Amino acid sequence: QLQASGGGLVQAGGSLRLSCAAAGRTFSRYAMGWFRQAAGKEREFVAVINWGAGSTYYADSVKGRFTISRDNAKNTVYLQMNSLKAEDTAVYCCAATRVAGTGDPNDYNYWGQGTQVTVSS
């Protein structure tokens, strides 16, 4: 029901925009989050955007570089990633929750398949 796309290979300092498209149900009343998992590491919270006014929260590691947004009419969430670093390399996936502003993956009910982001240094 959630499908992430937009990943790829980019040089350090570059940008990518990830998209998370929802199908089969509307997620306008869900908070939508992005998580990432690098090889050999645990899954890490990246950002979340709430429903309604769309307040946002970010992991400290991406604050000021990444921007999460949503278009409810398109049932899509975006993650604009700027000033990418090698340590941003990971599989990125999106997820949906009814718990506002949470970065705890256990709070998320719906998960999409990820998209690989590779940043070369």
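Q: Leaving aside neighbours within four places in sequence, with which residues is Leu-79 in contact?
A: The model discussed here is predicted. In it, Leu-79 is among the residues with the most contacts inside the largest nonpolar core. Leaving aside neighbours within four places in sequence, its contacts are Leu-16, Arg-17, Leu-18, Trp-34, Val-46, Ala-47, Phe-66, Thr-67, Ile-68 and Tyr-92.

Q: What is the handedness of the disulfide between Cys-20 and Cys-94?
A: Cys-20 is buried at a relative accessible area of 1%, and Cys-94 is likewise buried at 1%. The torsion about their S-S bond is about 70 degrees, so the disulfide is right-handed.

Q: Which cysteine sulfur is nearest to that of Cys-93, and how far away is it?
A: Cys-93 is buried, with a relative accessible area of 12%. Cys-93 takes part in no disulfide. The nearest cysteine sulfur belongs to Cys-94, at 6.9 Å.

Q: Is Arg-70 buried or exposed, and how far away is the nearest side chain of opposite charge?
A: Arg-70 lies in strand S7, residues 66-71. Arg-70 is buried and has no salt bridge. A salt bridge requires the nitrogen and the carboxyl oxygen to be within 4 Å, whereas the nearest side chain of opposite charge, that of Asp-71, is away by 8.4 Å.

Q: Which backbone oxygen lies 2.7 Å from a polar atom of the side chain of Arg-70?
A: Leaving aside neighbours within four places in sequence, the contacts of Arg-70 include Phe-27, Tyr-30, Asn-50 and Trp-51. The backbone oxygen of Asn-50 lies 3.2 Å from a polar atom of the Arg-70 side chain. At 2.7 Å, the backbone oxygen is that of Phe-27.

Q: How far apart are N and O in the salt bridge of Arg-36 and Glu-44?
A: Arg-36 is buried at 6% relative accessibility, whereas Glu-44 is partly exposed at 31%. Their side chains meet in a salt bridge, with an N to O distance of 2.8 Å.

Q: Which residue forms a salt bridge with Lys-63?
A: Lys-63 is partly exposed, with 49% relative accessibility. The closest N and O atoms are 3.0 Å apart, and the partner is Asp-60.

Q: How many residues apart in sequence are the parts tied together by Arg-65 and Asp-88?
A: Arg-65 and Asp-88 form a salt bridge, their closest N and O atoms being 2.7 Å apart. Arg-65 is in the loop between strand S6 (56-58) and S7, and Asp-88 in the loop between S8 and S9, so the pair ties together parts with a sequence separation of 23 residues.

Q: Which residues are linked in a network of salt bridges?
A: The structure holds 4 salt bridges. Arg-65 and Asp-88 are both buried. The network links Arg-36, Glu-44, Arg-65 and Asp-88.

Methods: Residues numbered from 1 in each chain as written. Predicted model: local features only at pLDDT ≥ 70, side-chain atom pairs only at ≥ 80, totals over all residues. Heavy atoms only, no water. Helix = DSSP H or I, 4+ residues; strand = E, 2+ residues; numbered from the N terminus. Buried < 20%, exposed > 50% of the residue type's maximum accessible area, 1.4 Å probe, protein only. Lys, Arg positive; Asp, Glu negative; His and termini not counted. Polar contact = N/O pair within 3.5 Å; in protein donor to acceptor, adjacent residues only side chain to side chain. Contact = heavy atoms within 4.5 Å. Core = buried A, V, L, I, M, F, W, Y, C linked by side-chain atoms within 4.5 Å. Disulfide = S-S within 2.5 Å.
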